[in-house]
Amino acid sequence: MQCSTHLKQLFLNSTKLDFYRALPKAEFPKIIAHAQKIMAMFASSYVCKQTFLTMKLRKNSIRNRLTDEHLFALLKVASSWMEPAFENIMEDQKQFHNMSHTPPWLGL
């Protein structure tokens, strides 16, 4: 690896993640496997820290009535990578609201 000027330039001019992605798997399987383990450690510790910070902010002395079930739901939402579809949720809410005010004799 040290003899390759291409890999040396790639290492210096790109992010480390991009560098390890660009390595040929056939030539450097152990280095790639080691880099994957290291990257996974940082990603999982980041998620863990963020989750505990969220829990600390949500469950404090002011909000001491928060049950474990509600806290679990809050942490699940906070640690999710998914974005809610707010437009769809609001549209469904409008439809539900309109239906609740329809007189039953109309049959709608």
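Helices here are DSSP runs of type H or I with at least four residues, and strands are runs of type E with at least two, both numbered from the N terminus. The model is predicted, so to speak of local features a pLDDT of at least 70 is needed, side-chain atom pairs count only at pLDDT 80 or more, and totals for chains, interfaces and linings use all residues. Residues are numbered from 1 along each chain as its sequence is written, and side-chain values use heavy atoms, with hydrogens and water left out.

Helix α2 covers residues 16-22, and both D18 and R21 lie in it, 3 residues apart, or about one turn of the helix. These two form a salt bridge, with 3.9 Å between the closest N and O atoms; the term asks for a side-chain nitrogen of Lys or Arg within 4 Å of a carboxyl oxygen of Asp or Glu. By that rule the count is 1.

Next come the rings. There are 2 aromatic pairs, where rings of Phe, Tyr and Trp (its six-membered ring) pair if their centres lie within 6.5 Å, and planes under 30 degrees apart are stacked, over 60 edge-to-face and the rest tilted. F11 and F19 have ring centres 5.1 Å apart and planes at 80°, so this pair is edge-to-face. F19 also pairs edge-to-face with Y20, at 5.1 Å centre to centre and 70° between the planes. Together, F11, F19 and Y20 make one aromatic cluster.

F19 is buried, at 2% relative accessible area (buried is under 20%, exposed over 50%, partly exposed in between, with a 1.4 Å probe and protein chains only). F11 is partly exposed at 33%, and Y20 is partly exposed at 27%.
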